Amino acid sequence: MEGTITAIEPQQRRGGKRVNVFLEHRYALSIQIELADSLKVGQFISSATFGELCGRDERARAMDAALHFLGHRPRSEREIRTRLQSKGYSPEILDAIVARLAELKLIDDAAFATYWVEQRQGRAPRGRRLINQELRQKGVDAAVIEQASSPSVDDADLAYRAGLKKARSLALLDERTFRQRLGGFLQRQIGRAHV
């Protein structure tokens with residue numbers, strides 16, 4: 001698509017972060033406001049420039065989506081790739097965004113694995129084997145998992161802390177049911193063969 005820019009209008013629903021660009025009085029594309037700074041009404045846009053603008057806008061939208069996803073908690077590289085892929089971004093865009101995030105040190109599987117282990121040991125106690133399984137599901141490399149996994153963590157201590165929390169909710173049950181449910185819970189959470 002090519003033509004002369006006849007209007008550049010801010011989008012109301014996006015809070016002024018995007019603008020609609022019209023070529024020859026027809027809607028042509030929507031881009032981020034930062035990309036539209038170099039555009040002026042009356043400027044001719046060639047097909048090559050139009051394609052370049054679309055590509056730059058797609059990369060910017062993918063970066064915004066990745067940053068929003070990272071805003072909640074650290075993520076593994078595979079989690080970022082999976083999320084962006086589910087939003088329909090091309091493999092080339094995925095590679096560019098992941099490379100940029102790694103360059104900015106916003107994704108680092110080793111740091112993510114360390115974070116994950118600390119969170120699981122502190123807030124939601126789980127055994128080392130179960131934590132390692134969760135990290136594998138998130139796409140973290142086995143060598144990175146091994147390095148982040150702390151051999152000094154005592155599964156018995158984790159089981160005790162997790163069991164204390166769960167025991168409160170089971171306190172009104174008879175002793176046999178209490179033992180069965182608490183034992184099952186600990187096996188699932190801590191990943192031990194016997195409690």
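## Helix 3 and its cover

Helix 2 (47–70), helix 4 (91–103) and helix 5 (109–122) are among the elements that cover the buried residues of helix 3. The model is predicted. Helix 3 spans residues 77–86. Its buried residues include Glu79, Ile80 and Leu84. Down the helix axis, the buried residues of helix 3 fall within an arc of 125 degrees, so they line one face of the helix.

The other side of helix 3 carries Gln85 and Ser86, which are exposed. Just after helix 3 comes glycine 88, with a positive phi of about 90 degrees.

Four strands form an open sheet: 4 strands in the order 3-2-1-4. Pairing is antiparallel. Strand 3 (26–32) and strand 4 (44–45) are the edge strands. Each of these edge strands pairs on one side only.

In general, strands of a sheet pair through backbone hydrogen bonds, either parallel or antiparallel. Here, strand 1 (residues 3–10) and strand 4 run antiparallel and are joined by 2 bridges. Threonine 4 has phenylalanine 44, in strand 4, as its bridge partner.

## Helix 2 against the sheet

Helix 2 packs on the sheet. Its contacts there are with strand 2 (18–23), strand 3 and strand 4. The direction of helix 2 makes about 40 degrees with that of strand 3.

Terms used. Residues are numbered from 1 along each chain as its sequence is written. This is a predicted model: local features need pLDDT of at least 70, side-chain atom pairs count only at pLDDT 80 or more; totals for chains, interfaces and linings use all residues. Side-chain values use heavy atoms; hydrogens and water are left out. Buried means under 20% relative accessible area, exposed over 50%, partly exposed in between (1.4 Å probe, protein chains only). The arc is that of the directions from the helix axis to the C-beta atoms. Contact means heavy atoms within 4.5 Å. Two strands pair if DSSP finds at least two bridges between them. Axes are lines fitted to C-alpha atoms, for helices over the stretch in contact, and angles run from 0 to 180 degrees between N-to-C directions.
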